[in-house]
Amino acid sequence: MSLLQGVLMRIRYAAAACAALAVLASSTGCTVPGAGSTGITVTEEGQPVGVLMVCHHHIDSAVLYTGDGDESEGVGNWSRAEPATGFVTWSLRTGGGGWSVDRQPPATLERQRTYVLYGATEDSSWSTTDVSFTLAHLAALTPGRVRYFAGEVPGADDDGYLTASIEDFRADACEDD
């Protein structure tokens, strides 16, 4: 074997090893499997209310964070003594309906910030699809109407978010499960 053939063989082996490593790394991602969907609605007074439809397994916590670009910061946390299954709601300000406030969100949300809410489990085994919203999104909501991620469906905005009735949210949330 010539020197050139040896170098070419090593390059081929290195390329094959890199390709195999890339496939392995992409197939072992650290994503948490989905157990349902998250939405946001408001009370008659315009106060935000978290909405979850847990399609399978359970959810026992919820997290609110700011989602502005590369910077994110946790701003609210809730937990449940009894895990949530099915359809549940709670006030982001006061909890309720089995939810306890672990970290109080700001009394006033900031105008130019994007907030993201999702349900999770304490052991990170399951989560719900998140919902992002701003004060403008909350102002456009009325009680009984939920903003949630629906993907590329008629009526959804450019980011895949849809505002629909609670009944539609409940029906859509488990459609892909």
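**Close-up views of a predicted model**

**View 1. Salt bridges of the chain.** In this predicted model, the count of salt bridges, taken as a side-chain nitrogen of Lys or Arg within 4 Å of a carboxyl oxygen of Asp or Glu, comes to two. One of them joins the side chains of Glu 110 and Arg 113, with an N to O distance of 3.8 Å, and Glu 110 counts as partly exposed, its relative accessibility being 44%. The other brings together the side chains of Arg 147 and Asp 157 at 3.5 Å, again given from N to O. This second pair links distant parts of the chain, since Arg 147 belongs to strand β8 whereas Asp 157 lies in the loop between β8 and β9, 10 residues apart. Arg 147 is buried, with a relative accessible area of 5%, while Asp 157, at 31% relative accessibility, counts as partly exposed.

**View 2. The largest nonpolar core.** The largest nonpolar core of the model contains 24 residues, and those with the most contacts inside it are Ile 40, Trp 78, Trp 90, Trp 99, Leu 117 and Phe 133. Two or more residues of this core come from each of the elements β1 (34-42), β2 (48-68), β3 (71-91), β5 (115-120) and β7 (131-133).

**View 3. Trp 99 and the tryptophan cluster.** Ring pairs link Trp 78, Trp 90 and Trp 99 into a cluster, and these three residues are also among those with the most contacts inside the largest nonpolar core. When neighbours within four places in sequence are left aside, Trp 99 is in contact with Leu 52, Ile 59, Asp 60, Ser 61 and Ala 62, and also with Trp 78, Ser 79, Arg 80, Ala 84, Val 88, Thr 89 and Trp 90.

View 4. The structure holds six aromatic pairs, among them that of Tyr 115 and Phe 133, whose ring centres are 6.0 Å apart and whose planes stand at 25°, so that the pair is stacked. Tyr 115 in strand β5 and Phe 133 in strand β7 are 18 residues apart, and their pairing links distant parts of the chain. Both members are buried, Tyr 115 with a relative accessible area of 1% and Phe 133 with one of 0%. The rings of Phe 149 and Tyr 161 have their centres 5.4 Å apart, and because their planes stand at 75° this pair is edge-to-face. Phe 149 in strand β8 (residues 145-149) and Tyr 161 in strand β9 (residues 161-165) lie 12 residues apart, and this pair, too, links distant parts of the chain. Phe 149 counts as partly exposed at 34% relative accessibility, whereas Tyr 161, at 10%, counts as buried.

**View 5. The chain as a whole, as context for the close-ups.** The secondary structure comprises three helices and nine strands, which follow one another along the sequence in the pattern α-β-β-β-β-β-β-β-α-β-β-α. Of the 177 residues in the chain, 37% are buried. Among the contacts between residues at least 6 apart in sequence, 55% join residues at least 24 apart. The chain exposes about 10,200 Å², of which carbon and sulfur atoms supply 53%.

Key. Residues numbered from 1 in each chain as written. Predicted model: local features only at pLDDT ≥ 70, side-chain atom pairs only at ≥ 80, totals over all residues. Heavy atoms only, no water. Core = buried A, V, L, I, M, F, W, Y, C linked by side-chain atoms within 4.5 Å. Buried < 20%, exposed > 50% of the residue type's maximum accessible area, 1.4 Å probe, protein only. Helix = DSSP H or I, 4+ residues; strand = E, 2+ residues; numbered from the N terminus. Contact = heavy atoms within 4.5 Å. Phe/Tyr/Trp six-rings, centres within 6.5 Å; stacked < 30°, edge-to-face > 60°. Areas by Shrake-Rupley, 256 points an atom, 1.4 Å probe, with all protein chains shown as cover.
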